[in-house]
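Me: Could you walk me through this fold and tell me what lies behind each label you use?

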Amino acid sequence: MTAIETKTNLLDLDLADCEALVVGLGFKAFHGRNLFKWMHKHGVVDYDAMSDLPKSLRLVLPETTEMRLPRIIEEHPSSDGTNKWVMELHDGQRIETVFIPEGKRSTICVSSQVGCALNCSFCATARQGFNRNLSVSEIIGQVWQAARRLDRSPTNVVMMGMGEPLANFEAVVKAMEIMQDDLAYMLAKQRVTLSTSGIVPNIHRLREVSDVSLAVSLHAPNDALRDELVPINRKYPLAELLPACKQYVANDKRRKVTWEYVMLDGVNDSPTHAKQLIRLLEGVPSKVNLIPFNPFAGSDFGTSPLERIEVFRARLARSGIFAMTRKTRGDEISAACGQLVGRVEDRTGRLGRVRVETNEPVGLIKRVASR
Ligand code: SAH
């Protein structure tokens, strides 16, 4: 093993870890706070520039620690202001992070895994297969890089990039704590959103340890169709998902679950689907984000026509469900929802399988949908 592999990456640490590390080296805890603040609030990853740390601490830290971040290797600015960064990790894997400006808001869409293991049929990331979880430093490092590029903290973070955040629970929760920390990125709980395809046991766990906003990739109003579109539904069906989400927001009257619903032409966008959705969400404080499907090379789905999306939206709205159509951003640079791919050395062996499965997925789904 090389020396580098045994060093602690300081960017993997939250505030408490940072204090503990510094105390362990024989220094006062407040130096740990300062160290944390230097890295995240000021973006300084050079021991010598941390001018209020004791010289002796600055000398001893590099013996056992390092500060390692993902590297931005490509930048793809789009004419709508969206920017996609391709970041390379220490092992050569690549992930993508998207910056979405909107008026005074600046949202960073952060990845949680290299690839994704969940195989949703309409998502480009799924086609890449899965390699590994990101570490805390690789997750918070995306926010760190964005803050440097923008010269300020982003106003919002959405865990909606590559990967399933609740399948990388500990690292994602710790990274989100750092996002919320006053000595770091200072994001309020409404400004950090985690999106999940519905790993139900971890929605319950999240409720116990975190207060971030919850978004759920629903995409279908019944189990038969959702089993096809979001295969994790076979393990955690709607009858388990809905109560978990309801419970997540139960303690705060102002909170709502955000439901993401990708509009797939002829698959999930009929008035009957809207009616089923209204019934499904009864009693759950909800807002619905309708996402026009973003096509990618080799995908077999089509985008619902805008008029049909509007009819669907209006139907939800009439029944009292707040619903909006998500503006498609960054599609010209393949940075829109479901288009992030990075460079993933697949370890699932899925790529061979997918080629077979893609022969006729839309036909299969239509059969299910018309039941
Ligand atoms: N794995 C998590 C985080 C990804 S969030 C989750 O599933 O929630 C990205 C969102 O974009 C999800 O709601 C996903 O279902 C949606 N999406 C995936 N592919 C898409 C596509 N081609 N067009 C539009 N939305 C898509």
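Me: Which residue is the bridge partner of Ile-108 in β9?
Reply: Val-157 is the bridge partner of Ile-108 there. Before we go on, this is a predicted model, in which local features need pLDDT of at least 70, side-chain atom pairs count only at pLDDT 80 or more, and totals for chains, interfaces and linings use all residues. Residues are numbered from 1 along each chain as its sequence is written, and side-chain values use heavy atoms, with hydrogens and water left out.

Me: What makes β6 and β9 a strand pair?
Reply: Two strands pair if DSSP finds at least two bridges between them. β6 and β9 (residues 156–159) are joined by 3 bridges and run parallel, so they meet that definition. Strands themselves are DSSP E runs of at least two residues, numbered from the N terminus.

Me: Why is the pairing of the whole sheet called mixed?
Reply: Strands of a sheet pair either parallel or antiparallel, through backbone hydrogen bonds. Here the β6 and β9 pair is parallel, while β5 and β6 are antiparallel. The open sheet has 10 strands in the order β3-β4-β5-β6-β9-β10-β11-β12-β13-β14. β3 (71–77) and β14 (322–325) are its edge strands, each pairing on one side only.

Me: Why is Lys-84 called buried?
Reply: Buried means under 20% relative accessible area (exposed is over 50%, partly exposed in between; 1.4 Å probe, protein chains only). Lys-84 has 6% relative accessibility, so it counts as buried. This lysine sits in strand β4 (residues 83–88).

Me: What makes the Lys-84 and Glu-96 pair a polar contact?
Reply: The term asks for a pair of N or O atoms within 3.5 Å; within protein, one must be able to donate a hydrogen and the other to accept it, and residues adjacent in sequence count only if both atoms are side-chain atoms. The side chains of Lys-84 and Glu-96 make such a contact at 3.5 Å.

Definitions and conventions
Helix = DSSP H or I, 4+ residues; strand = E, 2+ residues; numbered from the N terminus.
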